[in-house]
Amino acid sequence: MAEIALEKRNDLMTGRSHDLGAGCCSGGVMALAAASTTGADYSDFVSADPSAFVETDQDGNLMLHMLVENMHCANCIKTIEQTLKSNDAVLDARVNFSTRRLFLRWRPGKVEVGELVRPVITLGYPLTPYNPEMIKSASAEENTRLLRALAVAGFAAANVMLLSVSVWAGLFSEDMGPATRDFLHWISAMIALPAVAYAGQPFFKSAIGVLKAGHVNMDVPISLAVILASGMSLAETIQSGLHVYFDASVTLLFFLLIGRYLDSAARSKARSAAERLVMLKAVAATLILPDGSRKTVSVEAVTPGSLVQVMTGDRLPVDGVVEAGQSDLDVSLITGESLPTAVNAGDEVFAGTLNLSAPLEVRATKTGDNTLLGDIVRLMESAEQGRAKYVRLADRIAGYYAPAVHILAAATFAGWWFFAGSWQVALMQAVAVLIITCPCALGLAVPVVQVVASGRLLLKGILVKAADGLERLAEIDVIVFDKTGTLTEGRLDLVNRDEIPNEALDLAARLARNSRHPLAMAVARVGTPGSQYLAVTECPGLGLKAVCAGEEVRLGSREFCSIMEVDSRDFSPGPELWLRVGQGEAVQFRFKDRLRPGANAAIEILKSRGYRIEILSGDRKEVVAELATALGVEHWRAQQKPEDKVNRLKSLVAAGHKPLMVGDGLNDAPALAAAHVSLSPASAADISQTAADFVFQGRDLQAVPETIYVARAARRLILQNFSLAFLYNAIAIPLAVAGIVTPLIAAVAMSASSLIVCLNSLRLRLERGMSPS
């Protein structure tokens, strides 16, 4: 096996892991945990001595991992990072938008940690220690709260809208008297006001937090519009007025909560990617002491130079070199290939790989988080940190839009009060401006399209996992495929069945059924093993042998079967097995990985659309070359290790490209995280599905062009929605400022603009998918 070492560790988040599990029993930490889930005063983080959570990296610098609350847009990330980096002692400050994780590194002795984090808390962004278990629990509670708020807002919106239709109909006829109208208004108030108070909490708390710090975000005008609309509606109801618009308040909350819930759910999925990879770590190791005795210790207690025994079926706890033993290892973590790798004394092995055949004695060279598995985890975290820089168009617009709305409403109030001489009239016109300019259509421009696009993809068995995955997928220009399990099914089939005598095939199957090796299992599937028992011995890394009718029978590699000379006709780029009875003529079994259905059509479609196609595989050159030729792919690379794939993707990004990575193996997880956007089949390793932005069910690879098409169509509709929202504001705002639009008309206009955006988004359901030109 080739040397696997990541030389540029400074590019990663170096240092020890931040396991706070043991320390979470202290009163201070438990208080912080309670604050993170109950809404207590987050300033306790500073008073509870945050230095208890500080760690040291290999260069002696100090590190701190924290969870940031009240963060909802790209401007929040920019504000937090700039605030921290303004301190000269800070070396690195990065916020992951998906996981809300803040990584802070600074020079020791320059400043106290409390002084570093206090400015962030003062800005309205509470901080708590980053602990995966606490975060998982808090995230589940947050999603539950949002779902409850969404249900309450939806119930209220449906019922209040029905009542409003009755009131609107009564305004144009003489069938409804004032008493009946007032009665319906009071019923609407009793439904809407409690719903607004409960369902609006996510927006109200966010708005209060940023206003305390002297900032604004999109939640501020939303909160103002909802509160003023509800307050003015209540005042009109008390005075038996006509202009009641409870329906606008709850409908606005309902649609915006959809987007907020989807965003929160996507963050929860992304948060577990690197953490689930850590589950591949062994939890204990068996040390071989100098006197030959064995001692079981925790993995953290193993030091470089220790001799470790790895039993069959166990995962290797360390990186090291085999000192004694011969076995097969499942190294799909490194190569992504399904075939086990034979290891002998002197071969290098890595933590996280699975020992399949026989016990091994391994001399540890790297332990703990310095192993290859630890490097892969840090690669994924580093890639996700880079992804946090993605700035959404809606957030950039809202950064200028929200202050402009407030200034315009205030100016309208001042102008009407000055010229009309009545603050009541001025307030009504200011409310009309605030309602009609409320960024409802702007806020719906993205989430409604995402809901429709996600629903369409889900019907085709494609799961959208990242909140901004569709936006990033629409930007790609290069598509990088893994081979085994992605372009192929990762299932080996016997391809020369017609060349093998039935007797030889049945004999091979009798031996093969005694092994779990993928090649042996492929033979066992085809042959008809007899009922007579054979005493089969498995030679790890070589093959199987038994005695049948007084002669030794061997099934395995050509060396194991003593086949020294093979003519060119026997050459096969794929895997092979040989069967030999005694000194008789050997029989060759050739295997080939099955091409995934739709692979040729998918590649043809993508090439016709102008995408550059590449294949990155850990398999041998001749195998990858044969597949690339069959698919018509010119650009391919073989024998790629995890860091090779990541480096290739980074080079594409450096060259100005935006690559899509399609992969399935454990070794593809860092590459999936490092790509601009990623996609994985449902048959992929669990961690690869977690790291990917999209997961498609079924075997057909045409899910890839279909997903790309939907993403591009979604981007087109989002831009159209933005245009419609701005056109609406360009017409409605002057009318509201001039006093032509009442709050009732403003509420109707705002609802109409939202409805238009929704109807435009629903067109995506009728779009045809990507097909060959």
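These legends accompany several close-up views of one predicted protein model.

In this predicted model, local features need pLDDT of at least 70 and side-chain atom pairs count only at pLDDT 80 or more, while totals for chains, interfaces and linings use all residues. Residues are numbered from 1 along each chain as its sequence is written, and side-chain values use heavy atoms, with hydrogens and water left out.

**View 1. The whole protein, before zooming in.** The protein has 27 helices and 27 strands (DSSP runs numbered from the N terminus, H or I of at least four residues for helices and E of at least two for strands). Of its 773 residues, 54% are buried; here buried means under 20% relative accessible area, exposed means over 50%, and partly exposed lies in between, with a 1.4 Å probe and protein chains only. The accessible surface is about 32900 Å², and carbon and sulfur atoms hold 57% of that (Shrake-Rupley method, 1.4 Å probe; for residues, only the protein chains shown count as cover). Among contacts with a separation of 6 or more, 70% come from residues 24 or more positions apart; a contact is a pair of heavy atoms within 4.5 Å.

**View 2. A nonpolar patch on H6 and H8.** Trp186, Met190, Leu234 and Ile238 make a nonpolar surface patch of about 410 Å². Patch residues have over 30% relative accessible area and no salt bridge, with nonpolar side chains (Val, Leu, Ile, Met, Phe, Trp, Tyr) joined within 5 Å and like charges within 9 Å. Helix H6 (178-199) and helix H8 (219-238) each supply at least two of the patch residues. Take a look at methionine 190 in helix H6: its relative accessibility is 59%, so methionine 190 counts as exposed.

**View 3. Where H6 meets H7.** Two packed helices are described by the angle between their axes and the distance between the axes. The axes of H6 and helix H7 (residues 201-212) come within 5 Å and cross at roughly 55°, which makes H6 oblique to H7. The axes are lines fitted to C-alpha atoms over the stretch in contact, with angles from 0 to 180 degrees between N-to-C directions. Angles under 35 degrees count as roughly parallel, over 145 as roughly antiparallel, 65 to 115 as roughly perpendicular, and the rest as oblique. On the H6 side, Val196, Ala197, Tyr198 and Ala199 meet Gln201, Pro202, Phe203 and Phe204 of H7.

View 4. Arginine 594 and aspartate 493 form one at 2.7 Å, N to O. This pair links distant parts of the chain, with arginine 594 in strand E22 (residues 587-595) and aspartate 493 in strand E17, 101 residues apart. Shared partners join Asp493, Arg525 and Arg594 into one network. Aspartate 493 is buried, at 18% relative accessible area, whereas arginine 525 is partly exposed at 40% and arginine 594 is partly exposed at 32%.

**View 5. Positive phi in two loops.** Most residues other than glycine have a negative phi. Alanine 549 has a positive phi of about 55° and lies in the loop between strand E19 (543-548) and strand E20 (551-556). Alanine 549 is exposed, at 78% relative accessible area. Serine 562 also has a positive phi, near 60°, and is found in the loop between E20 and strand E21 (576-581).

Note on methods. Salt bridge = Lys/Arg side-chain N within 4 Å of Asp/Glu carboxyl O.
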